[in-house]
Amino acid sequence: MQPDTRGKTAFVFAGGGSFGAIQVGMLHALVEHGVQPDFVVGASVGAINCAYFAGDPTLAGIARLEQLWCGLRRSTIFPMSFGRIAGLFSRSPSLVDSGGLRELIAHHLPYSLLEQAALPLHVVATEQLHGNSVCLSSGPAVEAILASCAIPAIFPPVRVGNQYLIDGAIASNTPVTTAVALGASRLIVLPTGYACALTASPASAIASALHALNMLIAHQLVQDLELMADRAEVLTVPPLCPLAASAYDFSRARELMERAEKTTRHWLEGGGLQRQHIPGALRPHVD
């Protein structure tokens with residue numbers, strides 16, 4: 001049974017690869033400003049961030065999440081091996097072993113079941129065979145988060161119950177629609193945006209896939225924000241723009257967090273929580 005969330009405020013975390021660091025900076029500014037949600041919803045890397053935040057929704061908890069992001073390495077999240085790559089020509093379901101990501105989540109998450117989080121937590125994934133959106137609100141937390149992050153062909157699908165699940169961003173909706181379906185009347189959306197200021201094409205297959213997925217998420221998010229505007233109060237924190245980093249590059253986490261914290265603080269001081277507006281940085285544009 002889903003908890004009663006009618007009339008509540010939800011923080012909604014979209015996906016975005018290494019741009020998930022941007023959400024941590026947004027979180028810092030929001031909580032410092034005294035903004036707190038009644039529950040959280042996330043997909044893909046947003047599922048990781050909202051799960052950690054739900055475990056300790058305080059500035060101290062966010063500080064630990066900042067430290068975690070600053071210590072991340074690409075090799076931990078996307079370990080590559082010749083054997084794994086060669087396996088693509090046989091029956092391997094993915095390019096990358098998700099063991100590193102699983103260990104990272106399990107080691108740092110302060111609870112084992114989703115329903116044990118300090119805040120009500122909802123993780124969005126996609127059913128692999130038919131593309132249905134799946135909202136996970138109880139059960140093993142690591143499996144749910146890992147499933148929501150399972151980018152097709154990059155990470156293997158994750159079995160949860162009788163279903164094989166993949167990245168929550170693949171379904172034809174975003175966590176925004178899930179939050180509204182759960183009954184939230186006020187949404188504060190934390191997007192990651194996309195790299196709008198790149199001057200060259202991504203240098204690897206995974207980088208290209210992440211860049212394309214981020215653009216897909218941003219554009220779908222715009223559609224859902226427009227669709228949900230008359231069903232709830234939807235407030236969207238502006239993503240960073242211009243942004244010339246790669247969603248496959250984890251070395252710039254501190255820079256992204258600091259930029260996002262500063263821009264979010266400016267947005268809050270300028271009355272961002274008093275007006276519904278879809279940031280232009282989420283729409284197709286050339287910086």
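Colleague: Is E226 buried, partly exposed or exposed?
Modeller: This is a predicted model. The relative accessible area of E226 is 45%. Buried needs under 20% and exposed needs over 50%. E226 is therefore partly exposed.

Colleague: Which residue does E226 meet in a salt bridge?
Modeller: The N to O distance of the pair is 3.3 Å. E226 sits in helix α9 (residues 205–228), and its partner lies in the segment after α10, 57 residues apart.

Colleague: Which helices does the salt bridge between R102 and E143 link?
Modeller: Their side chains meet at 2.4 Å, N to O. R102 is partly exposed at 31% relative accessible area, and E143 is partly exposed at 23%. The two residues are 41 apart, in distant parts of the chain. The helices are α6 and α7.

Colleague: How far apart are the closest N and O atoms of R252 and E255?
Modeller: The two residues form a salt bridge. R252 is partly exposed, with a relative accessible area of 28%. E255 is also partly exposed, at 34%. The closest N and O atoms are 2.9 Å apart.

Colleague: How many salt bridges does the structure hold?
Modeller: E32, E261 and R265 are linked in a network of them. R102 and E143 also meet in a salt bridge. The total for the structure is 7.

Colleague: Why do the buried residues of α3 line one face of the helix?
Modeller: The buried residues are G61, I62, L65, E66, L68 and W69. An α-helix has 3.6 residues a turn, so residues three or four places apart point the same way. Seen down the axis of α3, the buried residues line one face because they fall within an arc of 160 degrees.

Colleague: Which helices do those buried residues of α3 pack against?
Modeller: Helix α3 covers residues 59–70 and reaches 16 Å from its first C-alpha to its last. That is close to the 16 Å expected. The buried residues pack against α1, α2, α6 and α10.

Colleague: What is the radius of gyration of the chain?
Modeller: The chain has 10 helices and 8 strands. For 287 residues the globule rule gives 19 Å, and the value for this chain is close to that, so the chain is as compact as a globular protein of that length. The radius of gyration is 17 Å.

Technical notes. Residues numbered from 1 in each chain as written. Predicted model: local features only at pLDDT ≥ 70, side-chain atom pairs only at ≥ 80, totals over all residues. Heavy atoms only, no water. Helix = DSSP H or I, 4+ residues; strand = E, 2+ residues; numbered from the N terminus. Expected span 1.5 Å × (residues − 1). Buried < 20%, exposed > 50% of the residue type's maximum accessible area, 1.4 Å probe, protein only. Arc of directions from axis to C-beta. Contact = heavy atoms within 4.5 Å. Rg over C-alpha atoms; globule rule 2.2 N^0.38 Å. Salt bridge = Lys/Arg side-chain N within 4 Å of Asp/Glu carboxyl O.
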